[in-house]
Amino acid sequence: MKVTFWLLEINSEPRDGKAELWLWGIAENGERVLIIDRNFVGYFYAVLAEGFDPAKVADEIRKAHNASIVKLEIAQRKLFGKSVQTLKVYCKNPDEIARLAKALREVEGIEECLEDDVRFTMQYLVSNNVVPCSWHEIDADEAENTLGVRADKIYLAKSTPKLLERHDTPALRILSFAMTCYSREGSPKPDRNPIVIISTATSNGEEKQFLAREDRDDKPLLEQFIGYVKKFDPDVIAGYGTNTTDWPYLKERSSNLGLRLCIDRACTEPHTSVYGHTSLTGIANLDLADFADEFPDIKVKTLPNLADYLGIMKTTQHPIIEDVDFADYWESKQKRETLKTFSSENARRVKGVTAALLDFAIQLSSLVGLPLDHVMTAAVGFRVEWFLIKHAQKIGELAPKRVEQPYRPYAGGIVLKPQAGLHANVAVLDFKSMYPNIMITYNLSPDTYVPPTEQEPPEGTFEAPEVKHRFRKQPAGFYKEVLTYLINTRNEIRTKMKTTDPKSTEYRILDARQKAVKVITNAAYGYAGWTGARWYRKPVAEAASAWGRHTILSAIKMAEQKGLRVIYGDTDSLFVAYEEKKTQELETQIKQELGLEIERDKLYTRIFFTEAKKRYAGLLPDGSLDIVGLEVIRGDWAEVAKKVQEHVLEIILKEQAPNKAADYVRGVIADLRQKKVPFRDLIIWKTLTKPVEEYKIKASHVEAAKALSRKGWKMTVGDKVGYVILAGEGRLYDRVKPYVFATYDEIDAEYYVTKQVVPAAARVLEFFGITEEELLKPQKKESGARSLMDFMHG
DNA sequence: GCGTTCAATGTACCT
DNA sequence: ACAGGTACATTGAACGCG
């Protein structure tokens, strides 16, 4: 019979010395189905050296390794665009692939073995064009559920799933949860600290809370939670920080209490898989902490901050409780209620964030071909890479080996020195997807690269400026094909969106899909220059940036010839004193002469530049402020300084009143000294970028991290450490305390005045003749301050 | 021995 | 574990002084 299903998850299971694939899906009628495919045989390619007879080499191999080999095929493939003769070696047991490939590398006539490093499930997906989070049709027989798995129907595959052209998503059952542990000695340890609360919120609107007993016995809690998950039978389980914290904790805690944490659909325990993430058989396990990385605006990546940022739950209205206070809250009768509320709100936050971001994750998964629960944990480079591998398969290109490459940096984009000060009517002209378009235009790709030793091919080459790397004009290279496909696809989606109701589900999915396509498109250049990439070729990235520099420099020349004043520029953007006609002419000329499109992005009513590059603030016609690079948008400055600088910029850009701004700053300084500024505005956050013991110098955030460590808090690389500066003698790093341990009385207000507020304000005001010293003087000084017109350009 | 100078270190940002 | 270009604060050793 024919079964139409949407692929949620995939895993492989050993069976009789072979392996079968389990495809977990949702059928059109809403049934949860497991399709077992026993027909797929894993393989790898043995690339033949030139001049060897494939048949003879194949015979040799058969003789030596007959037991492990199911089938041997002679296959013509491409490697970096070059035609190669290969033997496709099918192995009975996928576990033997790596071993056999290693053995075959020693065989005479075999140059290299490829794709032996692609995991079995991924090989199945890629080679059959089976795509996660997409619909397929398959010919299958229904089988009895003798496996004890949780599925409405089980089928045995009779054919390969056939991908269908549709992008809708079935209604998924989603379980969101949040967990709270009790510990008096820092980070909870599963061998001694109980889980006291687990809160859940499901997609069907149910909310539950599981509590430890009064004696903090959490065995019943765990049993109830496990039972509840089984009963609800989710397709997706979402949480925050679950891969690193919750799942390992739940697993170890269960085991210590003599319980088995079998909540997945095969009734096995969660297993740690590649990328350090947790897999639940038949269920997509989503850790929203991985999603937080998609939002650079969120500086301190916590669940409440993520939910706040997405407008799901404001931290101002639903206050957070710090980890260090959990034990106290649990022990007090009254506070425990607050903690319980906080916990259920966290489950609700998880639910809200999941609802907001799942569309994107699903579309990214279906675009790059990685299963849903892997795609968000995968680093950007791997997302691009899987997309490329999927595409390579379609055109008979082999996935090259990842080869250890020495890191050799190369020149990047050009940044112009800005014309410092205030400007009115400044337009930003941006090159549209500059690097992808350059790669397409000049056919930059590993397979089109012509090394210096090679002769000029008859079809001719594009030669990059400065670096002189050459690329064949024909045929279209791998990157060119992929990027063209991506750009066309995005345009098609965006065209379709124009005729779709913006409130419809379809529109939402299209928008998520075009975003996913954009992410992959924009990451392709970086991928090409990443030494870890399978398709790494330094000249490709180096040529792209060289052409980028050439392009922007040419554009500047053209602008200036037209009398357009260029105020600033960075890599692919030009800031010009806006003149409509000249700007339009420039757009046309650039399109004609450089073959690249530039578009007018923003038009600033006024814009302020410091002397420094990459730092400015502009006022848009709608009255909003765009602040770039300055302290306001940096996560490692105290909030008090950021607020002051933002307000100063607003006064400057909107009212052009530096003295008013200075008075405002003096007011905040006075508040600070009187301790009227909220404590939370004094916290400084910095990331731990390496293990504490590896630092060569004493740094404030490292000292704060050590203090947390001493109290039992586990500090790991990537953690953000929040600390405050205390009054006292000595080096800064000696006057640091994690904010969760500090009281307001200990604070060194003077530090925040002289090292935070004043420098942040002076960064802007110094251009208007107001120095740090003047800001520190209690009274405003009328004389000497010049009129703003003296600072205005044009 | 003490203050000053400056390269090194570290973080976070921009495109 | 996608690229390079940039600003800035703080540390800590070298430096200068005499």
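1. Two strands are taken to pair if DSSP finds at least two bridges between them. Helices (H or I, at least four residues) and strands (E, at least two) are DSSP runs, numbered from the N terminus. On that basis, strand β5 (residues 69–79) and strand β6 (residues 82–91) run antiparallel and are joined by ten bridges. Leu79 stands opposite Lys82 in β6. The hairpin of β5 and β6 has two residues between the strands, and there Phe80 takes a positive phi near 50°.

2. This is a predicted model, in which local features need pLDDT of at least 70 and side-chain atom pairs count only at pLDDT 80 or more, while totals for chains, interfaces and linings use all residues. Residues are numbered from 1 along each chain as its sequence is written, chains are lettered from A and ligands numbered from 1 in the order in which they are written, and side-chain values use heavy atoms, with hydrogens and water left out.

3. A residue is near a strand if one of its heavy atoms lies within 4 Å of it. There are 21 residues around DNA strand B, and Asp572, Gly635, Thr689, Tyr695 and His701 come nearest. By class, this surface has ten charged residues (Asp, Glu, Lys and Arg), five nonpolar (Ala, Val, Leu, Ile, Met, Phe, Trp, Tyr, Cys and Pro) and six polar (the others, Gly among them). Of the DNA strand B atoms within 4 Å of the protein, 93% belong to sugar or phosphate and the rest to bases.

4. Polar contacts (a pair of N or O atoms within 3.5 Å) to DNA strand B include one from the side chain of His701, where an N or O atom is 2.5 Å from a phosphate oxygen. A polar backbone atom of Lys696 lies 2.9 Å from a phosphate oxygen. For Asp570, a polar backbone atom is 3.2 Å from a sugar or linking oxygen.

5. Asp570 also forms a salt bridge (a side-chain nitrogen of Lys or Arg within 4 Å of a carboxyl oxygen of Asp or Glu) with Lys614, at 2.8 Å, N to O. Asp570 counts as buried (under 20% relative accessible area; exposed is over 50%, partly exposed in between, with a 1.4 Å probe and protein chains only) because its relative accessibility is 17%. Lys614, at 45%, is partly exposed.

6. The whole structure holds 58 salt bridges. One of them joins the side chains of Glu385 and Arg534 (3.2 Å, N to O). Glu385 is in helix α11 (residues 380–394), and Arg534 is in the loop between α14 (505–528) and α15 (538–561), 149 residues apart. Both residues are buried.

How values were computed:
Polar contact = N/O pair within 3.5 Å; in protein donor to acceptor, adjacent residues only side chain to side chain.
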